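Here are my notes on this one, as numbered points. Have a look at the model first, then read on.

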Amino acid sequence: AVSNSIVDSGISVGLIRKNSIEPIEYSTAFFTNLAFAVFLYLILYISAPAVAMFFNEPRLDSIVKLSGIVVVINSFSFVPQALLTKNISFKPLAIASIGAAILS
C-alpha cells in the first residue's frame, strides 16, 4: 500500500532494529501510521471526482473512493508485521501475507 511504503520505510526499521522498545513506542508508531493512512485516504477521497473527470470515466469516482479504504486497512498491519519480523516469526507472517493476497 502507498501509506505503508512511505511511513514503514523508516519506522518499521526502527521498531525492528532497536533492542528494547517501550509499549508507548509501538503505540506511537501505530497511530502515526494510521493518521498518515487516513490523511492519504482523505486526499484520495477528495481527488476522486477530479480523477474521474480527467479520465472521462464517471465510475472512477466511486472506485477510487472505495479502493482507497485499503490504504487505511493496511495500516493496521504495520506494527504487527514489524513485531513478527523482529521476533523472527516468519511462519505467521507468511500465512498472513498469503491470506491477504488471496483475499485481495
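1. Start with helix α5, residues 78–86, where the buried residues are F78, V79 and A82. Buried here means under 20% relative accessible area, with exposed over 50% and partly exposed in between (1.4 Å probe, protein chains only). These three sit on the same side of α5 because they cover an arc of only 90° around the axis, the arc being that of the directions from the helix axis to the C-beta atoms. Just after α5, I88 has a positive phi of about 55°.

2. A word on provenance: this is a predicted model, so local features need pLDDT of at least 70 and side-chain atom pairs count only at pLDDT 80 or more, while totals for chains, interfaces and linings use all residues. Residues are numbered from 1 along each chain as its sequence is written, and side-chain values use heavy atoms, with hydrogens and water left out.

3. On the fold: six helices, zero strands, running α-α-α-α-α-α from the N terminus. Helices are DSSP runs (H or I, at least four residues), and strands are E runs of at least two.

4. On overall dimensions, the C-alpha atoms fill a box of roughly 50 × 30 × 15 Å along the principal axes.

5. Buried residues account for 27% of the 104 in the chain. Of the contacts (heavy atoms within 4.5 Å) between residues at least 6 apart in sequence, 69% join residues at least 24 apart.
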